[in-house]
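Here is a friendly briefing to read alongside the model. Please have the viewer open as you go through the points.

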Amino acid sequence: MVAFQIIAAVGTARSKYIEAIDLAGEGKFEEARGMINEGVEAFNGGHAAHGELLTKFANGELPPMDILMTHAEDQLMSAEAFGILAEKFITLYEKIYK
Amino acid sequence: MKNIVLFCAAGMSTSLLVSKMRAAAQAKGFECEINAHGLSEARQYGPDADIILLGPQVSYKLKETQALFPDKIVETIDMMDYGMMNGEKVMTHVIEVLGK
C-alpha cells in the first residue's frame, strides 16, 4: 500500500527533523546535522514513491485517491516544511551558542 | 491479558496496523487488547498499557513518553514494518518483548 509507505517514510523524516532541532538546542550541532541527513534519507524514500504516482498520473493512470492518500500527502508536505525549518533552526541555535 | 497501546499523531493510520496486529495475535493464539490512540491521549490510555508503541510520525516523542511512563516498555515501531503494515512482524516482536 503506497500510502502507508509514504506515511511511514515521511513521518520518520518529520520526527528526525524535530529531533535535530532538539539536538541543536543542546548545542550538539554535528549530531543535529547527522539527524537531518537521516531525515532526508527517509524523506527521499517517501518522495520517490509519491513521484511514481505523479508519473503514472501524467501517463493517464489515475492514482487511488482516498482519505489515506490525502493523509500521506499531508504528512509529506508537513515533513518537507519541518525539514526546511529544522535547517534554519540549527543555524539560529549556532548563532545563539556563539 | 496483555494490553498493547499504539500512539500515533492522530491515531488514523496506526488503526489499520492495529487490525493487522489483532489478526496476527488471533492466529498465534495470543490473548491481548490492542488499540491505537492519538498521542495527545497518552495520559489517558498509557497507564493501563503493558507496552506502548509509537508510530514513526511521533518517534521524536520517544524519550518524553518514556519519561512519562518510566516503569513501562515504550518503543518506536520499525519504519519498514509500519510502512508495509506488517502486523505479523510487529506482533511477533511484541510477544517476544512481553515474554521477557
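How many residues of chain A are in contact with residues of chain B? Chain A brings 17 residues into contact with 13 residues of chain B, where contact means heavy atoms within 4.5 Å. This is a predicted model, in which local features need pLDDT of at least 70 and side-chain atom pairs count only at pLDDT 80 or more, while totals for chains, interfaces and linings use all residues. Residues are numbered from 1 along each chain as its sequence is written, chains are lettered from A in the order in which they are written, and side-chain values use heavy atoms, with hydrogens and water left out.

**The interface**

- Chain A and chain B bury about 1,300 Å² between them, and 72% of that is on carbon and sulfur atoms; buried area is the accessible area (1.4 Å probe) that two parts lose on being put together, summed over both.
- A:Phe4, A:Ala8 and A:Ser15 supply 35% of the area that chain A buries against chain B, more than any other three residues.
- On the side of chain A that touches chain B, the elements giving two or more residues are α1 (2-25) and α3 of chain A.
- With eleven residues, α1(A) gives the most to that side.

**Chain A overall**

- Chain A has three helices and zero strands, taken as DSSP runs numbered from the N terminus (helices H or I, at least four residues; strands E, at least two).
- The C-alpha trace of chain A spans about 55 × 20 × 15 Å along its principal axes.
- Of the 98 residues in chain A, 41% are buried (buried is under 20% relative accessible area, exposed over 50%, partly exposed in between; 1.4 Å probe, protein chains only).

**Two residues to look at**

- A:Ile84 lies in helix α3 (residues 67-97) of chain A and is partly exposed, with a relative accessible area of 46%.
- B:Asn3 is found in strand β1 (residues 2-8) of chain B, and B:Asn3 counts as buried because its relative accessible area is 16%.
- Not counting residues up to four places away in sequence, B:Asn3 touches B:Glu33, B:Asp48, B:Ala49, B:Asp50 and B:Ile51.
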